[in-house]
Amino acid sequence: MRRREFLQNALAGGALITMPALLDGCAVSERALVTAPLPEDPFLDWFAVDRAAISRVLGALGANGAQAADLYFQFRRQSTLRFEHSELASARTDVLQGVGLRVLRDGASGFAYTEDLTEAGMSAAARRAAGRSDGTPTSAPIELVAVPPGTLYTSRLAWSDVGIEQKLPILEKVDDLARAGDPSVTDVGVSWSDTDERVLIAVLDGRLIVDRRPLTRLSVQITMTRKGIAHSGFANLSARAELPWYDDERIALMVAEAVERTQILFEARRPPVGTMPVVLAGGTSGVLLHEVVGHAIEADFVRDGTSPYARSLDERIAAGSVTIVDQATLENERGALNVDDEGVQCRRNVLVENGILRSYLHDQTTAIQFGTASTGSGRRESYRHEPMPRMTCTFMEAGDHAREELIATMGRGLVAETFTGGAVKLGGGDFRFDVKHGWLVEKGRILMPVRDFTLAGNGADMLRNVSMVASDFRLDMGGWTCGKKGQSVPVSHGMPSVLVSALDVGA
């Protein structure tokens with residue numbers, strides 16, 4: 001379908017829309033849910049869920065006793081576009097809406113969710129979550145007090161108010177730049193998504209938090225063909241930001257990275273295999289840090305005994321040059337959050353300080369079990385899921401060395417530049433990651449580009465074997481999504497270049 005035809009159909013309601021059944025008691029039509037601007041508080045304005053009703057439902061939730069309890073209302077509208085062969089190929093809008101109800105008592109949780117936002121429907125779900133018990137009822141708050149969530153990702157124009165006709169020029173620009181980037185480009189694919197999400201969290205202690213969470217992602221994949229040989233490369237951008245964030249400079253840098261990643265594959269060869277020193281490149285190697293270190297510091301894995309750091313708090317687990325942080329309060333980052341999904345204010349959490357393990361990541365459940373405070377790390381995929389300890393923006397802080405110094409110390413080794421996937425066994429910490437491209441180093445000098453190899457090792461060993469940390473810290477600009485126990489959430493990660501004295505390289 002040509003762009004003009006598609007726009008005419010889409011603006012007339014022809015774009016594909018998927019959504020759950022409308023909530024009982026909702027007076028708003030499906031078309032209004034998708035096309036109308038979001039009010040500041042969609043739950044109070046659209047669904048007549050008032051504070052008095054919320055307080056009564058909280059009372060039902062704590063009827064059998066509670067150490068903590070909350071209601072997590074969510075409205076999320078996500079739009080996606082796909083641009084192929086220099087034309088708009090598809091467009092889709094999905095809407096998710098409902099409330100999750102949870103109570104914590106005696107180290108365990110009760111949970112239920114519903115898409116019926118009438119007081120009767122929520123109260124029935126609250127009774128299911130509360131279960132049967134002889135516990136002393138916990139009083140609901142007499143008055144719910146609104147708490148400002150924060151200003152990490154405020155926007156003047158909600159994504160729900162941005163039409164297809166405003167997004168298409170961005171996709172066309174990416175396509176044009178990619179095709180102009182190299183004469184051997186034979187195919188370009190551009191993907192777009194934007195999300196306008198509102199959450200309302202009502203907590204048994206009387207706090208009422210409303211947070212609007214925008215999220216957007218733009219990606220490009222390029223295929224080049226030379227002398228019958230084809231290679232593909234990609235790059236992407238993601239942020240909690242609004243339309244003007246996609247300026248010419250940011251788009252051009254993304255496309256240039258995708259072009260360069262593809263071009264280099266024609267020169268690259270397979271590397272030697274075996275155990276050797278490896279420099280993990282700044283930025284993108286943060287995915288390895290996230291997987292092999294970050295998850296092992298999440299308190300539910302620590303509690304269950306599957307983390308190698310279960311008994312390592314305040315002990316040395318890395319060289320003194322290694323400091324690792326999880327910080328949700330980074331403006332506009334994909335993993336940024338004002339408050340977590342339990343209504344706890346997010347903050348900077350230093351996990352490893354100068355090589356010493358200082359903290360685990362806690363939600364309210366593990367915090368109660370460990371006798372400590374939540375670190376603001378309770379996250380959930382949607383109202384249909386219980387929160388659990390999760391990372392947000394995880395990174396290693398910069399060191400004192402230039403990247404060239406790290407390479408100069410290597411006799412024979414590799415630089416791992418772009419990662420495409422991998423797997424980690426949390427219990428033992430063993431991992432295997434796929435690297436799309438990097439560099440072969442001989443006698444302290446880069447010799448040639450290499451591609452399509454694997455890195456394997458043990459997470460705890462890798463951390464201990466970090467011998468040098470460079471000063472070239474950066475966060476990866478891409479749109480990463482973390483999966484854990486069947487739930488997916490957006491995250492950010494990054495690091496400086498680091499030298500690991502020994503990793504296993506495979507073909």
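Here is a short chat about salt bridges and cavities in this predicted model.

Tutor: Ground rules: the model is predicted, so local features need pLDDT of at least 70 and side-chain atom pairs count only at pLDDT 80 or more, while totals for chains, interfaces and linings use all residues. Residues are numbered from 1 along each chain as its sequence is written, and side-chain values use heavy atoms, with hydrogens and water left out.

Student: How many salt bridges does the structure hold?
Tutor: Side chains of opposite charge can pair when their charged atoms come close. Here a salt bridge is a side-chain nitrogen of Lys or Arg within 4 Å of a carboxyl oxygen of Asp or Glu. By that cut-off the count is 29.

Student: Which strand holds Lys 484, the partner of Asp 300?
Tutor: The side chains of Asp 300 and Lys 484 form a salt bridge at 3.0 Å, N to O. This pair links distant parts of the chain, 184 residues apart, with Asp 300 in helix α9 (residues 299-303) and Lys 484 in β21 (residues 480-484). Helices (H or I, at least four residues) and strands (E, at least two) are DSSP runs numbered from the N terminus. So the strand is β21.

Student: Is Lys 484 buried or exposed?
Tutor: Buried means under 20% relative accessible area, exposed over 50%, and partly exposed in between (1.4 Å probe, protein chains only). Asp 300 has 2% and is buried. Lys 484 has a relative accessible area of 4%, so the label is buried.

Student: What is the N to O distance between Arg 213 and Asp 211?
Tutor: Both residues, Arg 213 and Asp 211, are buried. Their side chains meet in a salt bridge, with N to O at 3.1 Å.

Student: Which residues are linked with Asp 70 in a network of salt bridges?
Tutor: Here we're looking past single pairs. Asp 70 is linked in a network with Arg 102, Glu 342 and Arg 380.

Student: How much space lies in the largest cavity?
Tutor: On a 1 Å grid over the protein atoms alone, a cavity is a set of points where a 1.4 Å probe fits but cannot get out. Points join across faces, edges and corners, and a volume is the space filled by probe spheres set on them. Three cavities reach 30 Å³ or more. The largest has about 40 Å³.

Student: How many charged residues are in its lining?
Tutor: Lining residues have an atom within 4 Å of a point, and Leu 280, Ser 285 and Met 396 are among them. Asp, Glu, Lys and Arg count as charged. The lining has nine nonpolar residues and one polar, and the charged count is: no residues.

Key:
1 Å grid on protein atoms, 1.4 Å probe; cavity = no way out; pocket = protein on both sides within 12 Å on 5 of 7 lines; lining within 4 Å.
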